[in-house]
Amino acid sequence: MSDSIPAHDRPAARRLILLVLLSVLAASLLLAGCGTKKPAYKGPASTRPYTVRGVTYYPLASARGFEQTGTASWYGPSFHGRLTSSGERYNQNDLTAAHTVLPFHTNVEVTNLSNGKSVVVCINDRGPFARNRVIDLSRAAASRIDMIGPGTARVRIRALDSGDGEEERAPDSADAGGDGLYYIQVGAFGSQRNVSRAQARARRDGYRVQVLSTSGGLKRVLLGPWQSLDDVNLALWHVRDDYPEAFLVSDD
């Protein structure tokens with residue numbers, strides 16, 4: 001280089017080379033830093049985590065096996081005609097409901113535990129975000145189970161499908177065992193090797209594990225229990241990195 005560049009231009013050339021080297025170094029450091037960041041969520045918009053009033057909710061990718069017990073409320077005339085979170089217009093005369101984490105278009109059976117009356121509703125909105133409420137029913141749905149007057153009712157929610165139009169029977173939650181409310185089933189295996197592998201991975205990640213035998217000879221691997229629905233949904237979000245088909249079950 002010293003032979004091809006005139007003497008009076010050599011200092012400028014050296015400065016140029018130094019600037020190029022510094023630029024390459026800076027770009028390398030930037031790429032290395034980006035590699036340590038948590039990747040952005042790239043899943044369906046309907047399952048993207050969202051935050052309301054400082055609380056982050058993690059929508060479920062599937063409602064398969066979902067059951068929940070808690071307090072229902074209802075919403076009516078003041079919301080009639082407004083857009084729901086799913087993009088549909090709210091119609092208080094339709095049998096619909098809002099839930100914080102169930103997939104949109106999941107059909108769920110809601111039973112009023114005080115009178116035994118049930119109604120099937122389709123989830124098309126997000127909510128309720130009031131403390132200790134688990135579902136917001138449309139006016140028509142609330143009327144079907146006689147909770148218009150009281151405004152709230154203790155209910156049991158049971159998903160009738162997975163939320164993608166595929167009919168699913170909720171698993172028998174009575175055999176989930178333990179004292180907790182919620183579990184995550186990561187699989188049902190016929191091979192003891194697969195059971196042991198699932199157990200080892202779950203324990204490595206810090207989860208408690210239970211193995212239950214089914215009448216068909218399979219062994220269900222359950223993580224948990226969790227007392228809080230929000231806590232188990234957060235765990236489910238991470239468990240699905242290794243077990244995409246993991247789903248929630250309840251013994252309540």
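R158 is partly exposed, at 29% relative accessibility (buried is under 20% relative accessible area, exposed over 50%, partly exposed in between; 1.4 Å probe, protein chains only). The side chain of R158 meets that of E109 in a salt bridge, 3.4 Å from N to O (a side-chain nitrogen of Lys or Arg within 4 Å of a carboxyl oxygen of Asp or Glu). This is a predicted model: local features need pLDDT of at least 70, side-chain atom pairs count only at pLDDT 80 or more, and totals for chains, interfaces and linings use all residues. Residues are numbered from 1 along each chain as its sequence is written, and side-chain values use heavy atoms, with hydrogens and water left out.

**Salt bridges**

- The count comes to three salt bridges.
- Helices (H or I, at least four residues) and strands (E, at least two) are DSSP runs, numbered from the N terminus.
- E109 is partly exposed, with a relative accessible area of 23%.
- K117 and D146 form a salt bridge at 2.5 Å, N to O. Here too, distant parts of the chain are linked: K117 is in the loop between β5 and β6 (118-125), D146 in the loop between α2 (139-144) and β8, 29 residues apart.
- K117 is partly exposed at 36%, and D146 is partly exposed at 43%.
- R204 and D205 form a salt bridge at 3.4 Å, N to O. R204 is exposed at 59% relative accessibility, whereas D205 is partly exposed at 39%.

**Barrel**

- Six strands form a closed barrel in the order β3-β7-β4-β6-β5-β8, with mixed pairing. Neighbouring strands of this sheet are turned by 45 degrees against each other on average, direction ignored (axes are lines fitted to C-alpha atoms, for helices over the stretch in contact; angles run from 0 to 180 degrees between N-to-C directions).
- β5 and β8 pair in the antiparallel sense over five bridges (two strands pair if DSSP finds at least two bridges between them).
- T111 stands opposite R156 in β8.

**Nonpolar cores**

- The largest nonpolar core has 45 residues (a core is a set of buried Ala, Val, Leu, Ile, Met, Phe, Trp, Tyr and Cys residues joined through side-chain atoms within 4.5 Å). Those with the most contacts inside this core include V108, V110, V155 and I184.
- Helix α4 (residues 229-239) gives the largest share of this core, five residues.
- Leaving aside neighbours within four places in sequence, I184 is in contact with residues including V221, W226, V232, L236 and F247 (contact means heavy atoms within 4.5 Å).
- Another core, of five residues, lies apart from the largest one; among its members are Y183, L222, F247 and V249.

**Aromatic pairs**

- The structure holds six aromatic pairs (rings of Phe, Tyr and Trp, the last by its six-membered ring, pair if their centres lie within 6.5 Å; planes under 30 degrees apart count as stacked, over 60 as edge-to-face and the rest as tilted).
- Y57 and F129 are a tilted pair, because their ring centres are 5.5 Å apart and their planes at 55 degrees.
- Y57 lies in strand β2 (residues 55-57) and F129 in the loop between β6 and β7 (133-138), so the pair ties together parts 72 residues apart in sequence.
- Y57 is buried at 9%, but F129 is partly exposed at 25%.
- Y75 and F79 form an edge-to-face pair: 5.3 Å centre to centre, 75 degrees between the planes. Y75 is buried at 7%, while F79 is partly exposed at 35%.
- Y50, Y57 and F129 form one aromatic cluster.
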